[in-house]
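Morning, everyone. Have a look at the model first.

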Amino acid sequence: MFWLRNVTDKIKFLNYIVTHSSTNFHRRFQPQQQQLRHRVDNSTQLLRTHSRAPWQHRTHTRMAQQVTYLDVPDKSENDKKLYKSLVLGNGLHALIVSDPSPVPDDGISSTESSEEGEKLSESSSSSDSSSDTNSESSESGSQASSETGDEKLAACALMVDYGSFAEPRNYQGLAHFLEHMIFMGSEKYPEENIFDAHVKKCGGFSNANTDCEDTLFYFEVAEKHLDSSLDYFTALLKHPLMKQEAMQRERVSVDSEFQQIAQDDETRRDQLLASLATDDFPHGTFTWGNLKTLKDNVDDDALYKVLHDIRREHYSANRMYVCLQARLPLDELEAMVVRHFAEIVPNDSKAPDLTKFDYRKAFRPEFHEQVFFVKPVENECKVELTWVLPSVRQYYRSKPDQFLSYLLGYEGKGSLCAYLRRRLWALQLIAGIDENGFDLNTMYSLFNVCIYLTDEGFKHIDEVLAATFAYVKLFSSCGSLRQLYEEQQAIEETNFRFQAQRPAFDNVQELVFNSKYYPSKDVLTGKELYYNYDEQHLNELIGHLNEFKFNLMITSQDKFEGITYDKQEAWFGTEYTTVPMPAKWKQLWTDSQPMEQLFLPEPNRFVAHDFKLFWSEKGKPELPAYPKRLLKTDTCELWFRQDDKFELPEAYMAFYFISPLQRQNAKNDAMCALYEELVKFNVCEELYPATSAGLSYSFSAGEKGLLLKVSGYNEKLHLIVEAIAQGMVNVAEALDESILTAFRKNQRKAYFNNLIKPRALNRDIRLCVLEHIRWLTIDKYKSLNDINLEDLKAFAQKFPQELYVQALIQGNYTEESAHNMLNSVLSRLNCQKIKESRYVEDHTVQLPLGSHTIRCHALNHSDTNTVITNFYQIGPNSVRVESILDLMMMFVDEPLFDHLRTKEQLGYHVGATVRVNYGIAGYSIMVNSQETKTTASYVEERIEAFRLKMLQILKKMPIEDYVHTRESLIKLKLVADMALSTEMGRNWEEILNGDYLFDRNRKQVEVLRTLNKEDIISFLIETDATNLRKLSVQVIGHRPVDMDEPLVAVLDENAKMVTADLGSKDAGEGQELLSDEDGDAEMVEDDDQLFEALANKMNIVFLPKDGDISTIVDISQFKSGLEVYPTRKANQEGEEISRTARIEDALSNT
C-alpha cells in the first residue's frame, strides 16, 4: 500500500469522551501532517475564483487594522462553504471558513442565566418539560433526518512557524516543552489550564503538537462559545505566564510523554536516522525532550530565561497562521479574527532558512554506505530502503512522489507486493513519504519502501532485494507513464468532487497547514489534485530512485548471519549494528534485469462512472429518518436506509458473520483470526485496485465472528462484498502447510506485539474479567502451536455452515439492490441456522460488591509504563443511566486532569470514560504512569481519592456552572452528522448491541433537560452506599534492578506520603520474556523449537497480595461464582425501547 491518512471515527459520545479526554490529557508530540491519501475516479469541475493573478492582493483598512486579502481558494462544485484568505497588519495569515448551513433555534442557545438554573433546580425528573423540538424525534421525514440534530461545533487551528529544528541544541526538546508551557495560564487568565477548562465546560476540547518546523494548537467548541474561547486562547499567545514553578512540574509531563513512546519502534527508527544527520544540520536533534535534556545539569533560571526569550522571538504574529470555521457570515468571522488576533505582537524574526542545507549532504556517508541491522521492541521483521530526495513540496502540482508511491505500493497483479506474497516472503509492503516533519520538510524528503517479511522472506533476503531492485528500475525502462498518471489524476479529481464533509476540527488543522505551504488559491486543492503531468519532475525522482544511494535497514528479532547488536542509540537505547554494504547486494543492483512477473498496473476495472443519485431521481421523496428492517430470518437480518442528506454517490455496507465457533475455546478464537487473515490474503490481489479507485473495505475478527465493512462509490461496491464472501468459502481449498506456517508465525507476532503493550494488556484483562466468555490473548497465543493443517481446514470449512448474518446498507442504494446484495452473500455462503445459541449470546458478569484488584507485571522488562484502570460497574444501562454518566464525566473531566496530571504529576495520560459492556453500564478512571517515578499502589490510591472527591466537586458547583455544562453536553448530543460514515457508525452500533435505539442521542437530550444537580448527587450517593462494584486492573511496569522504590511527594494537602508495596519483584516467567540473558532461548536455533520454548515460558502471572482475599489471582475461578446479567442475544427483536423505559421507571423510583 501507499501511505494513507489516518481516519477518525466518532460513533457515540462515550467514544467522544474517550477520544477527547485522551486528546486533552496528552498533549502529544506528533506529526502535524497525516499521511498521504490516494483515492480515485473520474473528471471533476472546480469553481475557479481567481480574478487576479496568483499572489496579487487587495488591501483594505478595516477596524483600524490593515487587512490584505489573498486569492479566494478554488473549491469543488459540491463544496457549499465560503472562504476568505487574508493577512492582518501584524503579518498573521488567516483563512476563515463560513459554513452556510442554518443555525438551529433549539431553545437553549440564547441564555445561560442563573435564572434558568433556578428554574432547572425546581424541575422534576420527568420528561414532561422536554421541548417541542424533540417531540418528533422518532418521526420520519427530512425534519428529523439527523438523529443527532443540527448542531455543529466551531473550530480554530493556529500554527506557529517554529518547531524542533530551530531549538537550541543544548536544550533538546525545548520546542515541545514550550508548547506545553503555553497552556500554563496567561496574564489575563492566570489559572493553569484555564483555557482547557473553559473549552471543556463549553462542550469542546483542545490539543497541540510540535513538529519539526511548526507547532500546532487547535480546539473545537460549541459555536456560541467561540468568541469567549478565542479570548482565552489568544490571551495565552499574547501574554503567557510560563511560571518557573509550573516549568518544574511540566517537564515531568514531557518526560512522561517520552516514556510512553520509548518502546515504539517507528519512533525509535526515526531517532536512529536522526543520529546519522550531518553535523550542524538541524534534523540531528532529539525532538521529544526528557528530564535528561530539560533538567539534569540544566540551570533552572537559565532554562526559564531561554524559554521566554524563544517565545518572544518566535511566537510572533508574523510567524502565525490561523484557520477559523463556524456557521457565521464571513464578515462576522473576519471581525472576530481581527478582534482577537490583531493585537498579537509582530517582530522581524523569520524562521530559519532551511533551503541553505543541501539535501544530498543531509546525512553522513554511512547512511547509505552501511547496512543497518536493528533489534526491534516488537516481534517484527522488515527491510526498508530509504532514499533522500529534495523536498517534494515544490512538486505539489504534478505530485510525482505520490504517483511513484502509488506504483511502488501497488498490491495488484504484476506488483512487487503480489510477487512476494505469492512466495510467502512478505505479507505487507508500504511505499512513499510519510508526512511527519522528519520525513518531509523544507530540506529533504525521505522516500521509503518498507517490506514486512515472513520468516521465509528473511531467509530469502537476497531474492527479496533482487525483486525490489528490478521493480524500482522498471519505471525508468517502461516508457511513458502518462496513461497511468492520467487514470490516477481522474480518480483524484472525482474524489475531490465528491469529497465528504469533514468535521470543522479536522478541517481547520488540514487547512492551516495548507495555508503555510500552498498559495492561497490552492489551499483546498493543493494536497488533493494531480494538476498536470510533468515528465521532467517524474523523471527527476525516478532518477534518484535509480541511484544505488539509499539507506538499507533490516529490522528483526532474529540475528542476520551471526551479526551482533553491538551499538546503542543514545536516546531510546535502540540496539543495532552496521556492516559495509555487502558486495553481493551491490552486484544484485548492478546486474538487475526486468522480471516477467513484474509489470505495471492494468486498467482499473473498479473505477466508477455512474454517479446518479437514486433519491434525487425519485423526486426527493420524504424518507424514514432511521434504518428500517427489510428482512429477518433464522440466518439473517437486513437493515436499510437510503441517503437523503449527503447526496453523494456513495454507500456503506456492514456485515457481521456471527458464528458459534469462536467462543468455544481459545484455539478456535485463534483459528478465527487466522481464517480472517487467510480470506484477506486470498482476495487482496484481486481487490487492491478497488482501494485505489475510491472504494475501501475492512475484514476483521469480532468477539463472536467476522466483521466486513465496505464503502465508496456505490456502482461497483458489490464486487468487493461478493469477492469476500466467495473467499470465505474457497479459503479452505487453498490451504497448505507452507501457508499455515507463514500465517501462524505472523499471528504469533501480532499477539506478541499486543501483549507487550501495557495498555492493551490492561484492556484485555479487564474485558476478560467482565465478559462471561472471553479468552485472554496469552491463551490464544499459546494455542497457536496446537493448530495443524487439518484443524484449520476443518475450521475454514465449518465456519460458513452455521451463521447468523447481521447487515446494514446505507447510502445511495435502493431496497431492491440491498436485498440482492444480501442474497448474493447468502447464496455463496449457503449457511444454516445456528444450532447452539449459547455461544452467540452476550453475557456480562456482575462484579461482587466491594473492591477487587487484579495485578500483573508488564511483559516487556524494559518498559517502565504502569497502567492502572479502576472500573466501577453500575448495572443495566438505560437512556437515563447513560445520560447521568455522560454528564458526570463532563463534570469531572477537567478536575481529573488538573489533580492527577497537572498537580500530582502521576502520569501524562489520564482519562475518565463511560463504558457499556453488553448493556451493562459503568465508568472507569485510567492513569498511565511510570514505575520509575511512582508506585502502582500509590497511583491507585490517588485515583480512588479523586473519585471520592467527585461528590464534593458536584456539591460545590454553582448552579449556573451546572446549567452551562449540562447545556454544552446537550449541544454535543445534537451535533449534526458531518458525513454518511458517522451516521452509519451510530446505526450499526445500535444493531450490534441489539438495542436498535437509533434516536438514542435525542432521547438522551430529553432526559438531560430534566436532570438537576441533585439527581446526579443522589445517583453518586446511592451507587457508593449500596452498589459499589469496583475492579482495579493494574499492569505494572519495571524499574531498573538497581533502582530503589521511588518516594512520592504528595501535593494534595489532605494526602499523606505513601510508599507502596508492589509485591514480589518475581513476576513469574513473563517478567523475563524479553531478556537477552535467556540462555536457553539463545541455544535453540530452529524457529519452531524457539517459539515452543518461548510459548511455554511466556506467561501472565497475576500477583497475589498477602492476606488480601479481594486480589484476583485466577480469573476463571473468580468468575465461576458470580452472577451473570440477563442474556443479550445476537438476533433479538428490536424491542429494547420498552425495556429501557421500564428500567428508567424503576431507577426514577429509587
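Buried means under 20% relative accessible area, exposed means over 50%, and partly exposed is in between, with a 1.4 Å probe and protein chains only. This is a predicted model: local features need pLDDT of at least 70, side-chain atom pairs count only at pLDDT 80 or more, and totals for chains, interfaces and linings use all residues. Residues are numbered from 1 along each chain as its sequence is written, and side-chain values use heavy atoms, with hydrogens and water left out.

Start with the rings. Rings of Phe, Tyr and Trp (its six-membered ring) pair if their centres lie within 6.5 Å; planes under 30 degrees apart count as stacked, over 60 as edge-to-face and the rest as tilted. The whole structure has 52 aromatic pairs. In one, phenylalanine 281 and phenylalanine 357 have ring centres 4.8 Å apart and planes at 55 degrees, so the pair is tilted. Both phenylalanine 281 and phenylalanine 357 are buried.

Next pair. Phenylalanine 655 and phenylalanine 657 have centres 6.3 Å apart and planes at 10 degrees, so they are stacked. Phenylalanine 655 is buried, at a relative accessible area of 0%. Phenylalanine 657 is buried too, at 1%.

Which residues form one aromatic cluster? Phe403, Tyr406, Tyr410, Tyr485, Tyr530, Tyr533 and Tyr688.

Now the helices (DSSP runs of H or I, at least four residues, numbered from the N terminus). The axes of α12 (residues 400–408) and α16 (residues 482–497) come within 11 Å and cross at roughly 100 degrees. Axes here are lines fitted to C-alpha atoms, for helices over the stretch in contact (heavy atoms within 4.5 Å); angles run from 0 to 180 degrees between N-to-C directions. On the α12 side, the contact uses Phe403, Tyr406 and Leu407.

Terms used:
Helix = DSSP H or I, 4+ residues; strand = E, 2+ residues; numbered from the N terminus.
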